[in-house]
Amino acid sequence: MKKSYKCIFAIVNKGFSELAMEAAKAFGAKGGTVLNGRGTISKDAEKFFNISIQPEKEIVMILAKNDLVDNILKGLYSAVGTATQAQGIAFALPVDEVVGLNEKISERKD
């Protein structure tokens, strides 16, 4: 399968990955992978953006079909965006090739 998927990354404060995944599933995501991370930012940037950065992060990676990505990103913004306690950001990157998915492929009937 070529170029029909994107990988969505949602980086949220620790403890909010389940909320992020629930929001993504509401818009068609099938599942995801959660990684532990650690955020860094300068004190000047915290003051400028008027936010407090929690160093412990969770990164939710979601492989999604291209036609679902915009709605998933909007759902993530609403549920775990910068205006919430999760203080999350989300973005998507193109995926060139995918293997190992168990999607049903419709068979042609002749």
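What pattern does the chain follow, read along the sequence? In this predicted model, the order is β-α-β-α-β-α-β. Three helices and four strands make up that count. Of the 110 residues in the chain, 29% are buried. The accessible surface is about 7900 Å². Carbon and sulfur atoms account for 53% of that surface. Among contacts between residues at least 6 apart in sequence, 78% join residues at least 24 apart.

The largest nonpolar core holds 15 residues. Ile 8, Ala 24, Ile 62, Ile 72 and Leu 76 touch the most other members. Strand 1 (2-13), helix 1, strand 3 (56-65) and helix 3 each supply at least two residues of this core. Helix 3 gives the largest share, four residues.

Leu 76 has contacts beyond its neighbours within four places in sequence. Its partners there are Ile 8, Ala 10, Ala 20, Ala 24, Gly 81 and Ala 90.

Helix 1 (residues 17-26) packs against helix 3 (residues 66-80) at an angle of about 140°. The two axes are 8 Å apart. The crossing is right-handed. From helix 1, the contact involves Leu 19, Ala 20, Ala 23 and Ala 24. Helix 3 meets them with Ile 72, Gly 75, Leu 76, Ala 79 and Val 80. Eight of the residues in this contact are nonpolar, one is polar and none is charged.

Note on methods:
Residues are numbered from 1 along each chain as its sequence is written. This is a predicted model: local features need pLDDT of at least 70, side-chain atom pairs count only at pLDDT 80 or more; totals for chains, interfaces and linings use all residues. Side-chain values use heavy atoms; hydrogens and water are left out. Axes are lines fitted to C-alpha atoms, for helices over the stretch in contact, and angles run from 0 to 180 degrees between N-to-C directions. A crossing is left-handed if the near helix is turned anticlockwise from the far one by less than a right angle, and right-handed if clockwise. Contact means heavy atoms within 4.5 Å. Ala, Val, Leu, Ile, Met, Phe, Trp, Tyr, Cys and Pro count as nonpolar, Asp, Glu, Lys and Arg as charged, and the others, Gly among them, as polar. Buried means under 20% relative accessible area, exposed over 50%, partly exposed in between (1.4 Å probe, protein chains only). Accessible areas come from the Shrake-Rupley method with a 1.4 Å probe; for residues, only the protein chains shown count as cover. A nonpolar core is a set of buried Ala, Val, Leu, Ile, Met, Phe, Trp, Tyr and Cys residues joined through side-chain atoms within 4.5 Å.
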